[in-house]
Every structure is written in structure tokens, then in C-alpha cells.
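Subject: Structure handover

Hello,

Here is the structure for your files.

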Amino acid sequence: MARHVFLTGPPGIGKTTLIQKASEVLKSSGVPVDGFYTEEVRQGGRRVGFDVVTLSGLRGPLSRVGSEPPPGRRECRVGQYLVDLPAFEQLALPVLRNAGSGSGPGRRVCVIDEVGKMELFSQPFTQAVRQTLSAPGTVVLGTIPVPKGKPLALVEEIRSRADVRVFSVTKENRNHLLPDIVTCVQSGWQ
């Protein structure tokens, strides 16, 4: 039986929107939900990067179009985007550590959007995701990219776990998946 739920699909298909809607439904039914999602940053109609947004409302840069990393930092780049690892880790790691630490009794949902190439530059993030997936009482609702090019080790590990159900989001099914996702997350505790 699947305990964790991950969505996959091409960029822009609606994975983050489904995660946000599922989080709202779960919260309104009394389920504690924490975590983060990534959001496009646009200027003048052009995408210039991505922000990390926690479900408690904190926001910081994940990446920006850029040419040079700040002095003293290693360059982490995906295409035209320069990844801001310190800013990402400052927001994402406390959320994952809280979810995985079992702080307080009962069940909780931890949203991880996304476990992707930019995020996986962070070794502490990789460790925190593994710990969260193993934490008793925690159900992960996350997103992973469609396999493309060189496989990402943690993504393939998640995809092949026996306790993970992966939903492929398409234009045809994205408006009908929400009830199935919510039911699957709720049944992760059964």
C-alpha cells in the first residue's frame, strides 16, 4: 500500500497547482500540512527564475537567470538559471526537519515541490528528503520531474519505492486527479 504520493509530468502541466489544491483540501479536513512549493518568478511576461514558498508563507529565491554566482560560492546552474543554495536551504530544510522529526503526536503531511535538479544540488536537502520519507506518521505529497537525460538518483529512488504512488499529470487528467490524490494521501495513514 502506498504511503507517499508524488506527481510527475512535464513543466507547466499543473503539478504545483494540484499540490496546492490538495494541501487546502487536507488542511480544511483538519490534517496538519507543512512543506514548500516552487513558484515561477516573471518580469515583463518572461520567466526570470523560481522562488521557494513555504506553506506558512515564507518566500525566498531558488534560482534566477544569471551569469555569475556571488563571490565565494560554487556555481550551481540548471540551464540559464543560477541556483541560490543558501536561500533554498534556509527555507526548505527547517520545514523538512520539522516534518520528519515527529514533533508532536499524530499524523502529518509534508509537501515537497519539487525534488528536482535545482534542489538536488543540496546534499542536506537530499538527506532531509530521505529522512522525511522514513519518518513514522509523515506522509509526503511531492513532485518529481519526468525522466529526461541523465537520471537523478534520488528521483529514481523515490519512483521505485514500494511505499510511493506516482501520478502522471497530463492535460487530459489534471482537472480530474484531485480527489484521487487526496484519497491516496489520506489512505497513507491506514
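Predicted model: local features only at pLDDT ≥ 70, side-chain atom pairs only at ≥ 80, totals over all residues.

Residues are numbered from 1 along each chain as its sequence is written, and side-chain values use heavy atoms, with hydrogens and water left out.

Helix H3 takes in residues 123–134 (helices are DSSP runs of H or I of at least four residues, strands runs of E of at least two, numbered from the N terminus). Phe 125, Thr 126, Ala 128, Val 129, Thr 132 and Leu 133 are the buried residues of H3 (buried is under 20% relative accessible area, exposed over 50%, partly exposed in between, with a 1.4 Å probe and protein chains only). They lie on the same side of H3, because their arc around the axis is only 165 degrees (taken from the directions from the helix axis to the C-beta atoms). Gln 123 and Gln 131, on the other side of H3, are exposed.

Nine strands make an open, mixed sheet, ordered S5-S6-S4-S3-S2-S7-S8-S1-S9 (strands pair if DSSP finds at least two bridges between them). S5 (77–78) and S9 (164–168) are at the edges with a single partner strand each, so one side of each has no neighbour in the sheet.

There are zero disulfides (cysteine sulfur atoms within 2.5 Å). For Cys 184, the nearest cysteine sulfur is that of Cys 110, 16 Å away.

Regards

Note on methods: Expected span 1.5 Å × (residues − 1).
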